[in-house]
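Me: I am new to this structure and would like to go through it by question and answer. Please show it to me before we start.

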Amino acid sequence: MTISRSLVKLNCFSLLLVLGLIIITQYSGLKVSDLFFNPYFSPNPNVALLTRTFQILCAVPVIVCTFTYGLAKSSNPRHFGNQFILFSALLTGGFLLNEIYRIHIYMIGVGIPKLGVCLLYAVVLSSYGWFFQRELKLTPYKILLVGLGLLFLAIGIDTLKLKSQILASLLEGVPKLFSEINIAFYYWYVCKSFLQKTSLSID
């Protein structure tokens, strides 16, 4: 099975799950926006379910990249791709921390403009792409671009401050969720391929 077919199947399956959750949530008497609330305790498991799912997905690239770097470093410490895997772990780890602790909210709270915060993150992301452009070109980087594009779309919708809470939650939450599905898939595939190549070079 090719990577494109695997990716299409993953996204279609995820979309069906999200649609199913939306229907179940509606029939249970909750609003669709409840699926995207910030996590807090609730007797109903649907509340903040997709927000928690997004946060779990954010942890996948960090864990996979860190584990891959540890294996590659011990078995083939001089491999040219080790630094790429390491900085991928650091970048995705930073995003995970920001998502859990809402660091960007605190930065805005101390007086840093929202545009300034976005520019700072854009510089970090651009630097990653520039330094590792050779390594990225050897991977199916278009998947990563799709994931980042969906994330920026969600951020852009958030800035519109739509009046309808349900519409705003769907238009922001669904692209954001699928952005991390694709990003997690990308790093899983990259790390899997990387370990296969390094093991072959050792043999």
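Me: Is leucine 50 buried or exposed?
Reply: In this predicted model, leucine 50 belongs to helix H2. A residue is classed as buried when its relative accessible area is under 20%. The value for leucine 50 is 4%, so this residue counts as buried.

Me: Which residues does leucine 50 touch, not counting residues up to four places away in sequence?
Reply: Leucine 50 and leucine 21 are 29 residues apart along the chain, and their C-alpha atoms are separated by 9.0 Å. Leucine 21 is one of the residues of H1 that are buried. With residues up to four places away in sequence left out, leucine 50 touches Val18, Leu21, Leu35, Phe36 and Leu177.

Me: How far apart are the end C-alpha atoms of helix H1?
Reply: Helix H1 covers residues 3-27, which is 25 residues. At 1.5 Å a residue, H1 should span 36 Å, and the model agrees with this expectation. The distance between the end C-alpha atoms of H1 is therefore 36 Å.

Me: Which residues of H1 are buried, and which glycine follows this helix?
Reply: The buried residues in H1 are Leu7, Asn11, Ser14, Val18, Leu21, Ile22 and Thr25. After H1 comes a residue with a positive phi, near 90°. That residue is glycine 29.

Me: Where is lysine 31 found, and how far in space is lysine 31 from isoleucine 166, C-alpha to C-alpha?
Reply: Lysine 31 is found in the loop between H1 and H2. The relative accessibility of lysine 31 is 48%, so this residue counts as partly exposed. Apart from neighbours within four places in sequence, lysine 31 is in contact with Thr25, Gln26 and Gln165. Lysine 31 and isoleucine 166 are 135 residues apart in sequence, while the distance in space, C-alpha to C-alpha, is 7.3 Å.

Me: How many residues has the largest nonpolar core, and which element gives the largest share?
Reply: The largest nonpolar core has 21 residues, and those with the most contacts inside it are Phe84, Ile85, Leu144, Tyr186 and Tyr187. Two or more residues of this core come from each of helix H2, helix H3, helix H7 and helix H8. The largest share is 7 residues, and the element that gives it is H8.

Me: Which residues are in contact with phenylalanine 84, leaving aside neighbours within four places in sequence?
Reply: Phenylalanine 84 is among the residues with the most contacts inside the largest nonpolar core. In general, nonpolar side chains in soluble globular proteins tend to be buried together. With neighbours within four places in sequence set aside, the contacts of phenylalanine 84 are Tyr128, Phe132, Glu135, Leu136, Tyr186 and Val190.

Me: How much space lies in the largest pocket, and which element gives the most to its lining?
Reply: The largest pocket holds about 1600 Å³ of space. Its lining consists of 50 residues, with Phe95, Glu99, Leu151, Ile155 and Lys176 nearest its centre. Elements that give two or more residues to the lining are H2, H3, H4, helix H5, H7 and H8. The element that gives the most, with 10 residues, is H7.

Me: Which residues are in contact with lysine 176, leaving aside neighbours within four places in sequence?
Reply: Lysine 176 is found in helix H8 and is one of the lining residues nearest the centre of the largest pocket. Lysine 176 and glycine 94 are 17 Å apart in space, C-alpha to C-alpha. Apart from neighbours within four places in sequence, lysine 176 is in contact with Phe54, Glu99, Arg102, Leu151 and Ala154.

Me: What is the phi of arginine 102, and what is the phi of lysine 161?
Reply: Arginine 102 lies in the loop between H3 and H4, and lysine 161 is in the loop between H7 and H8. Arginine 102 is partly exposed at a relative accessible area of 27%, whereas lysine 161 is exposed at 61%. Neither residue is a glycine, yet phi is positive in each. The value for arginine 102 is about 55°, and that for lysine 161 is near 55°.

Me: In which helix is confidence highest?
Reply: The protein chain averages a pLDDT of 89, and 95% of the residues score at least 70. Confidence is lowest in helix H4, at a mean of 85. Confidence is highest, at 96, in helix H6.

Key
Residues numbered from 1 in each chain as written. Predicted model: local features only at pLDDT ≥ 70, side-chain atom pairs only at ≥ 80, totals over all residues. Heavy atoms only, no water. Helix = DSSP H or I, 4+ residues; strand = E, 2+ residues; numbered from the N terminus. Expected span 1.5 Å × (residues − 1). Buried < 20%, exposed > 50% of the residue type's maximum accessible area, 1.4 Å probe, protein only. pLDDT = per-residue confidence, 0-100. Core = buried A, V, L, I, M, F, W, Y, C linked by side-chain atoms within 4.5 Å. Contact = heavy atoms within 4.5 Å. 1 Å grid on protein atoms, 1.4 Å probe; cavity = no way out; pocket = protein on both sides within 12 Å on 5 of 7 lines; lining within 4 Å. Points joined across faces, edges and corners; volume = space filled by probe spheres on them.
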